[in-house]
Amino acid sequence: MPNTTPALSAAQIEQFVTHGYVRIDNAFPAGLAAECCRILWADTGCDPDDPATWTRPVIRLGNYAQPPFVAAANTPLLHAAFDQLVGAGRWVPQGGLGTFPIRFPSPDDPGDAGWHIDVSFGWEENPTDFLSWRANIVSKGRALLMLFLFSEVGDDDAPTRIRVGSHLDIARQLAPAADAGLTLRELAADNFAGSANRPEVLATGSPGTVYLCHPFLVHAAQPHRGTRPRIMAQPPLLPRAQLQLERTDGDYSAVERAIRLALGE
């Protein structure tokens with residue numbers, strides 16, 4: 001059943017369409033974030049209170065589907081926001097949360113701080129060649145990019161960098177390739193120069209903050225210059241049905257409207 005209480009204002013939805021993201025504070029309880037972090041820390045093999053055990057700039061942990069993670073990903077507020085941005089009945093509830101890149105204060109290059117978009121299909125053919133995975137103009141396989149903050153993230157704590165409005169550039173780049181789309185290798189051939197002049201914002205916030213982003217948004221990690229490890233999840237919201245850029249009823253979602261805006265429709 002569609003949610004009846006709006007999570008986002010009309011201004012926030014328009015920000016999503018034009019800027020490519022919206023920030024939701026207190027999207028899930030801070031207590032749930034702490035509960036999840038206890039599970040994650042146990043799996044890192046590190047001591048959260050002993051920097052001597054923080055020997056790598058980043059540790060990636062796999063998918064988590066324990067009850068606290070499922071609860072954090074499926075709050076009524078988030079479900080209402082998904083309805084507003086993707087459309088009621090057009091997305092799949094989260095079965096958990098994706099990979100957790102846990103970033104530690106370190107002078108070392110983490111090795112994964114390049115600009116990119118999260119490609120969404122094609123791994124069946126080349127599962128080990130990430131650069132051969134693809135995205136297309138209807139964002140096959142991904143309705144949203146999402147950033148879930150489980151720790152306090154300030155400017156120095158390796159917040160994700162976001163190029164504001166860059167989803168419009170990527171839509172225009174993908175359009176000529178139609179359903180086949182482009183590989184990440186093709187999209188990154190010019191180091192995402194098409195959005196290089198876009199303003200940047202940092203995905204900062206307190207535990208429980210969630211950034212809901214257009215699937216074409218250009219973003220990047222960065223080294224951690226702070227003092228406390230940063231814990232974040234970056235799962236996709238999966239679509240129940242493919243995006244449609246030509247609807248007879250005109251009931252376009254915010255994700256679809258952004259693509260149509262980029263293409264001048």
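Okay, let's start with T44: setting aside its neighbours within four places in sequence, T44 is in contact with I59, L61 and I102 (contact means heavy atoms within 4.5 Å). Quick word on what you're looking at: this is a predicted model, where local features need pLDDT of at least 70 and side-chain atom pairs count only at pLDDT 80 or more, while totals for chains, interfaces and linings use all residues. Residues are numbered from 1 along each chain as its sequence is written, and side-chain values use heavy atoms, with hydrogens and water left out.

Back to T44. You'll find T44 in helix α2, residues 30–44 (helices, H or I, are DSSP runs of at least four residues and strands, E, of at least two, numbered from the N terminus). T44 counts as buried because its relative accessibility is 9% (buried is under 20% relative accessible area, exposed over 50%, partly exposed in between, with a 1.4 Å probe and protein chains only). Its side chain has a polar atom 2.7 Å from the backbone oxygen of W41, and one that lies 3.0 Å from the backbone nitrogen of C46.

There's another threonine to look at, T18, in helix α1, residues 10–19. A polar atom of the T18 side chain sits 3.0 Å from the backbone oxygen of E14. Not counting residues up to four places away in sequence, T18 touches G165, H167, L168 and L261. Take L168: T18 and L168 are 150 residues apart in sequence, yet 8.0 Å apart in space, C-alpha to C-alpha.

Next, S253, in the loop between β12 (236–237) and α7 (254–262). S253 is buried, because its relative accessible area is 4%. Again leaving out residues up to four places away in sequence, S253 touches L85, V86, G87 and R90.

S253 also lines the largest cavity, together with V86, R90, P239, A241, Q242, L243, R247 and E256 (a cavity is a set of points on a 1 Å grid over the protein atoms alone where a 1.4 Å probe fits but cannot get out, and lining residues have an atom within 4 Å of a point). How many cavities of 30 Å³ or more does a search of the whole structure find? One. The volume of the largest cavity is about 50 Å³. By class, its lining has four nonpolar, two polar and three charged residues.

Most residues other than glycine have a negative phi. S139 has a positive phi of about 50° and is not a glycine; S139 lies in the loop between β4 (134–135) and β5 (144–149). A158, in the loop between β5 and β6, also isn't a glycine, and its phi is positive too, near 55°. S139 counts as buried because its relative accessibility is 3%, and A158 counts as buried because its value is 1%.

Last stop, a sheet. Three strands make an open sheet in the order β8-β6-β10, with antiparallel pairing (two strands pair if DSSP finds at least two bridges between them). β8 (200–202) and β10 (219–220) are at the edges with a single partner strand each, so one side of each has no neighbour in the sheet. β6, residues 161–163, pairs with β8 over three bridges, and R161 stands opposite L202 in β8.

Methods: A polar contact is a pair of N or O atoms within 3.5 Å; within protein, one must be able to donate a hydrogen and the other to accept it, and residues adjacent in sequence count only if both atoms are side-chain atoms. On a 1 Å grid over the protein atoms alone, a cavity is a set of points where a 1.4 Å probe fits but cannot get out, and a pocket is an open set with protein on both sides within 12 Å along at least five of seven lines; lining residues have an atom within 4 Å of a point. Grid points are joined across faces, edges and corners, and a volume is the space filled by probe spheres set on the points. Ala, Val, Leu, Ile, Met, Phe, Trp, Tyr, Cys and Pro count as nonpolar, Asp, Glu, Lys and Arg as charged, and the others, Gly among them, as polar.
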